[in-house]
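Subject: Structure handover

Hello,

Here is the structure you will be working with. Please open it before reading the notes.

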Amino acid sequence: MKILAITACTAGIAHTYIAKEKIENAAREMGDFIKVETQGSIGVENELTPEEIKEADVILIAADIRVGKERFTGKAVVDVPISMIMKSPKSVISKIHEKLGK
């Protein structure tokens, strides 16, 4: 499965980047492709491109702040609190597999 994700926490420091690492590791262990955009205190890094969005199976947003979703129109979007990724990233990805049947 091709997963694109965004991580963003209220402070934009630690949890944004810890969640990025956790979700990347979990997705790769489960055999998925993943790219994670971070929206942290230093701005957007690793920004998702329109082409990548077009090709993605799902968009995972793990955030405790508002993240614009306009660019994901027509895509399956899963929105979870960042704490879910911090605690059990594999469980979140497993649920996405179940829901999308992939």
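This is a predicted model: local features need pLDDT of at least 70, side-chain atom pairs count only at pLDDT 80 or more; totals for chains, interfaces and linings use all residues.

Residues are numbered from 1 along each chain as its sequence is written, and side-chain values use heavy atoms, with hydrogens and water left out.

Glu24 sits in helix α1, residues 14–29 (helices are DSSP runs of H or I, at least four residues, numbered from the N terminus). Glu24 is buried at 12% relative accessible area (buried is under 20%, exposed over 50%, partly exposed in between, with a 1.4 Å probe and protein chains only). Beyond its neighbours within four places in sequence, Glu24 is in contact with Ile34 and Val36 (contact means heavy atoms within 4.5 Å).

The axes of α1 and helix α4 (residues 89–100) come within 9 Å and cross at roughly 55 degrees (axes are lines fitted to C-alpha atoms, for helices over the stretch in contact, and angles run from 0 to 180 degrees between N-to-C directions). The two helices, α1 and α4, are therefore oblique to each other, because angles under 35 degrees count as roughly parallel, over 145 as roughly antiparallel, 65 to 115 as roughly perpendicular and the rest as oblique. On the α1 side, the contact is made by Lys22, Ile23, Ala26, Ala27 and Glu29, and on the α4 side by Pro89, Lys90 and Ile93.

Asn46 has a positive phi of about 60 degrees, although it is not a glycine. With 41% relative accessibility, Asn46 is partly exposed.

Regards
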